[in-house]
Amino acid sequence: MTFADDLRAVRAGLDHARTVIARAARHTDDVLRALPAPEHRSPEQHADARAVIDATRTLRATFLMAHVDAVYDELTSGRTRHLRVTELAHATAAAFPGLVPTDEQLADERARPQAHKEGLEVDQGIFLQHVLRSPQAGPHLLDAMLRPTPRALELLPEFSRTGKAELASVRVERTGTVARLTLCREDSLNAEDNQQVDDMETAVDLALLDPAVEVGLVRGGEMTHPRYQGRRVFSAGINLKTLHRGGISLTDFLLRRELGYIHKLVRGVLTDDDSAWRSRTIEKPWIGVVDAFAIGGGCQLLFAFDHVIAAADAYLSLPAAQEGIIPGVANYRLTRAVGPRLSRQIILEGRRIFAREPDARLLIDEVHDHGDLDAAVERAVERFQGSAVLANRRMLNFAEEPLESFRQYMAEFALQQSLRLYSADVIDKVGRFSTASTTGSHTPVQEK
């Protein structure tokens with residue numbers, strides 16, 4: 001069959017279309033296996049690999065344009081099962097061979113540095129873009145991601161009893177009616193990776209599910225890093241050294257982060273209580289405190305908080321242009337907060353925003369000297385308690401961030417971020433950064 005024949009076939013009946021996808025994927029795998037590993041290929045061999053990969057991706061995208069709802073319904077038993085993005089990708093690989101990479105293929109990819117991968121996660125990005133675009137499948141997937149994690153449900157009874165949870169990168173302590181989440185990656189300036197995302201979602205779930213909690217507070221802990229020893233630091237963003245090693249996942253980090261705990265900060269956690277006719281989500285106000293800096297992913301978090309307090313010498317930045325990746329939902333939320341001109345300066349040009357400059361008032365609610373921060377935090381916590389705060393917060397979020405526009409943004413993000421992960425400029429920048437870090441000239445995180 002010709003490629004044109006395959007294109008027609010994947011638009012036809014689902015049963016035949018899935019066999020065409022599986023056959024095309026097997027052919028692509030055969031071609032890639034016959035070539036040297038990516039790091040040893042000649043320019044001509046890279047071109048051959050790219051041609052066969054792109055042809056198969058065209059078939060996948062065409063297949064999904066025709067069948068995404070049928071695929072999703074089959075995977076979720078008519079939308080009665082709630083699969084998170086990683087679970088959904090796993091189920092898809094088993095039920096629709098060749099549509100997304102298998103667990104074995106992904107494990108092999110993760111064992112390689114980012115520059116030596118085939119870029120199989122792009123196929124996950126294509127699949128999730130079409131799922132999120134769908135008016136039927138997309139909202140169902142968003143609901144699945146708003147549900148509490150099994151880990152949080154397991155830890156909830158003990159947390160409710162003691163008011164404490166010690167996770168690898170986050171400490172949670174309930175004092176009065178406040179859940180205090182302290183970011184505690186002491187040696188790496190609270191750099192983000194898959195573990196940190198898992199811990200943060202667990203911590204946010206605990207705070208939202210515990211009926212004794214009325215307000216959530218997020219702040220960086222004291223660091224052991226030589227340059228900031230003994231000082232609080234909010235976050236240095238994504239761990240670039242981990243990215244270079246191939247340890248940053250599209251589904252477990254980049255998508256879980258945005259659709260999971262950050263979205264829960266805005267929307268709340270979704271419960272299974274069908275009798276909760278007032279709302280099926282449990283929502284609470286969130287306050288963030290920035291000591292030193294909030295870079296990249298740390299800065300993105302601020303856009304989901306209801307109130308931000310910063311030290312007078314703190315700064316914010318989104319060095320997306322330097323890194324080459326998309327800064328999460330910042331392109332969506334930042335424009336709403338500060339307008340298009342300042343957003344472009346921050347995201348496209350890497351402009352830092354210092355807490356004391358006038359433009360910072362669009363992103364930071366209060367600025368205080370270090371000695372006054374703790375008292376300012378307690379005053380804010382007191383202001384944000386009460387049912388009227390919750391009701392008005394919900395209506396503000398409803399008006400500012402409609403679920404439908406968020407879903408459409410995330411659909412495009414799923415594809416574009418997967419492409420950026422494997423772009424030549426990102427691999428080159430991250431590789432140079434990681435090489436420099438081994439000589440001691442940089443820290444292994446995006447501290448710039």
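Select Thr102 to begin. Thr102 sits in the loop between α4 (85–95) and α5 (103–110). Helices here are DSSP runs of H or I with at least four residues, numbered from the N terminus. This is a predicted model, where local features need pLDDT of at least 70, side-chain atom pairs count only at pLDDT 80 or more, and totals for chains, interfaces and linings use all residues. Residues are numbered from 1 along each chain as its sequence is written, and side-chain values use heavy atoms, with hydrogens and water left out.

Buried means under 20% relative accessible area, exposed means over 50%, and partly exposed lies in between (1.4 Å probe, protein chains only).

Thr102 and Leu7 are 95 residues apart in sequence, and their C-alpha atoms are 23 Å apart in space.

Next, select helix α3, residues 43–75. α3 has 33 residues, yet its end C-alpha atoms are only 39 Å apart. A straight helix would reach 48 Å at 1.5 Å a residue; the expected span is 1.5 Å times one less than the number of residues. Where does α3 bend? Go to His67: the bend there is about 80°. This angle lies between axes fitted to the seven residues ending at a residue and the seven starting there. Just after α3, click Ser77, which has a positive phi of about 55°.

Step back into α3 and pick Thr56. Thr56 is buried, with 5% relative accessible area. Its side chain makes a polar contact of 2.5 Å with the side chain of Thr28. A polar contact is a pair of N or O atoms within 3.5 Å; within protein, one must be able to donate a hydrogen and the other to accept it, and residues adjacent in sequence count only if both atoms are side-chain atoms. Beyond its neighbours within four places in sequence, Thr56 is in contact (heavy atoms within 4.5 Å) with Ala24, Ala25 and Thr28.

Move to Phe63. Phe63, Phe127 and Leu181 have the most contacts inside the largest nonpolar core, which has 121 residues. Such a core is a set of buried Ala, Val, Leu, Ile, Met, Phe, Trp, Tyr and Cys residues joined through side-chain atoms within 4.5 Å. Helix α11 (residues 250–267) gives the most to this core, with nine residues.

Last stop: the cysteines. Cys184 is buried at 5%, and Cys299 is buried at 2%. How many disulfides are found in the whole structure? The search finds zero (cysteine sulfur pairs within 2.5 Å).

Terms used
Helices (H or I, at least four residues) and strands (E, at least two) are DSSP runs, numbered from the N terminus.
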